[in-house]
Every structure is written in C-alpha cells, then in structure tokens.
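Open the model in your viewer and keep the sequence beside it. The tour goes stop by stop, with something to select at each one.

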Amino acid sequence: MSKQKKLAPSILSADFVNLERDITMIQNAGADLLHIDVMDGHFVPNLTLGPPIVKAIKGIATVPCDVHLMISNPAEFVDAYCDAGADYLTVHVEAATHLHRVIQHIKSKGVKAGVSLNPHTPLSSIEEVLGDLDLILIMSVNPGFGGQSFIPNTLDRLRRLNKMLEERGLSDQVEIEIDGGAKYDNMAEILEAGTDIIVSGSGVFKADDPVQMVKDMKALLAKYS
Ligand code: DX5
Ligand code: ZN
C-alpha cells in the first residue's frame with residue numbers, strides 16, 4: 001500500500017491523426033504515464049510505431065514515457081528507444097535471449113528497466129533477475145491489439161508475483177504494471193490483487209468522456225495508494 005498507484009493510458013487507442021490533442025487531453029486530466037506500444041509485426045501480429053514517433057511524443061510529454069517493446073530482438077533497439085526519450089523501457093522475456101544483458105543495457109542508459117510476461121509465461125522465468133528490475137509488466141491479454149478482454153487468471157498471477165517479491169524483500173524497489181483489458185469496472189479487483197501501474201487503452205480513449213474517465217480512474221487509484 002506504500003507506493004503511489006499510477007494510471008498509464010495506452011495511446012494505442014488514441015486518435016493518431018490527433019495524437020497531440022489526445023495526449024494533451026489525458027495529461028491535463030491527470031495521467032501519470034504515457035504508455036506507448038511498439039509492435040513489429042513479428043513478435044506480435046500487428047505493427048505500430050518506431051523511434052521517431054516516440055521522439056515526437058517525448059517532445060510534448062509532461063509525464064514519463066512508458067515504452068512497451070513488443071518486438072523480436074529487443075537488444076538491437078534499446079539505444080534507439082532510450083535515445084528517443086523512453087523513461088521506462090520494457091522488453092518481453094519471451095523475446096530477449098540475453099535478458100540480463102538487456103536489462104543492464106537499459107539501466108546503463110539511465111532508463112528504468114522493465115520486463116513483460118505474456119499470459120502463458122511462468123513467473124519463474126524472471127526469478128533470477130528480479131533484483132535487477134525497476135518494473136514487471138504482466139500482460140492480462142495476449143499482446144498485439146487493444147480492446148481485448150482481461151484474462152481472469154491474471155489476478156492469481158498478480159498475487160503470486162507480489163508474494164515472490166515480498167519473500168525477497170523487493171516489494172519497494174519494483175513496480176508491478178498490468179496491461180490489457182483494464183477498465184474502470186475491473187480496476188478495484190486488479191488493485192486488490194496487487195499492482196502499482198494500470199495501463200488502459202480502450203478503457204480511457206473509447207469512454208464517452210475520456211477526461212472524466214481519467215479523473216474517475218485516478219480517484220479510484222488514490223483509494224489504494
Ligand atoms: C496490447 C498492448 C496494450 C493495449 C491495451 O498488446 O500492450 O497496451 O494498448 O489496450 P486495452 O486497454 O484496450 O486492452
Ligand atoms: Zn502495452
């Protein structure tokens with residue numbers, strides 16, 4: 001309960017023609033982070049954006065940029081995305097052959113290092129690097145698209161991850177983030193299972209009133225902070 005709970009709207013569901021307008025809107029409404037989904041059409045069956053767009057977003061960001069790399073061979077792109085302005089850079093454990101090296105590389109750039117796990121990936125796959133991480137991103141959908149349904153088993157995974165961190169005395173140094181299918185209506189159970197950062201794409205941008213939705217979500221997060 002000690003860490004401040006954060007909201008990270010995913011700009012994947014924003015209006016790309018009016019990206020600056022949408023980013024400004026959610027920042028002014030109280031978003032804590034900008035979640036930026038990078039997809040390569042290989043690790044996931046969808047393509048999104050590259051370093052020049054992250055750099056452009058960084059130019060208008062007033063909150064940290066949380067860059068989620070859903071790409072093969074993430075080691076090859078660490079420099080490009082750090083230099084573009086990532087404040088958090090997250091790679092997938094399934095895609096990083098030399099995970100420990102990639103984490104150290106990200107940290108050497110002065111950027112917070114995150115590792116993400118797909119829904120099928122055992123928590124034990126990151127056990128040996130837990131002490132090196134700033135962020136653990138638990139996927140609550142299969143990555144690739146916005147607007148999917150939250151996978152219920154994620155709640156149990158969150159509880160087990162929290163236990164793993166507690167047993168190692170790492171709860172205060174690693175943030176836990178949840179990504180996929182998070183909406184106002186299921187946020188309470190996600191927070192109760194133990195998470196610090198909630199990503200929400202369609203839950204924010206497809207709401208009737210995205211500004212009010214950010215405010216409502218932030219009010220709920222404050223209750224658990
Ligand atoms: C999915 C992305 C998510 C996505 C979340 O692959 O990593 O960040 O944008 O979108 P919603 O909240 O709509 O599930
Ligand atoms: Zn994401």
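**Stop 1**

Select Leu89. Leaving out residues up to four places away in sequence, Leu89 touches Val67, Leu69, Val78, Tyr81, Cys82, Ile106, Val111, Lys112, Ala113 and Gly114; contact means heavy atoms within 4.5 Å. This is a predicted model: local features need pLDDT of at least 70, side-chain atom pairs count only at pLDDT 80 or more, totals for chains, interfaces and linings use all residues, and side-chain values use heavy atoms, with hydrogens and water left out. Residues are numbered from 1 along each chain as its sequence is written, while chains are lettered from A and ligands numbered from 1 in the order in which they are written.

Now widen the view. The largest nonpolar core has 68 residues. Such a core is a set of buried Ala, Val, Leu, Ile, Met, Phe, Trp, Tyr and Cys residues joined through side-chain atoms within 4.5 Å. Buried means under 20% relative accessible area, exposed over 50%, partly exposed in between (1.4 Å probe, protein chains only). Val67, Leu89, Leu99, Val115, Ile126 and Ile136 have the most contacts inside this core. A second, separate core of 6 residues includes Ala8, Leu33, Ile197 and Val199.

**Stop 2: Cys82**

Select Cys82, in helix H3. Helices (H or I, at least four residues) and strands (E, at least two) are DSSP runs, numbered from the N terminus. Cys82 is buried, at 9% relative accessibility. Beyond four places in sequence, Cys82 touches Leu89, Lys109 and Val111.

**Stop 3: helix H4**

Select residues 99-108. Which residues of H4 are buried? They are Leu99, Val102, Ile103 and Ile106. Look down the axis: these buried residues fall within an arc of 100°, so they line one face of H4. (The arc is taken from the directions from the helix axis to the C-beta atoms.) Arg101 and Ser108, on the other side, are exposed. After H4 comes Gly110, with a positive phi near 80°.

**Stop 4: the zinc ion**

Select ligand 2. Its protein donors are His35 (NE2), Asp37 (OD), His68 (ND1) and Asp179 (OD), 2.1 to 2.3 Å from the zinc ion. Donors are N, O and S atoms within 2.8 Å of the metal (3.2 Å for Na, K and Ca); water is not among the atoms, so sites may look incomplete. His68 in strand E3 and Asp179 in strand E7 are 111 residues apart. His68 is buried at 0% relative accessible area, and Asp179 is buried at 8%.
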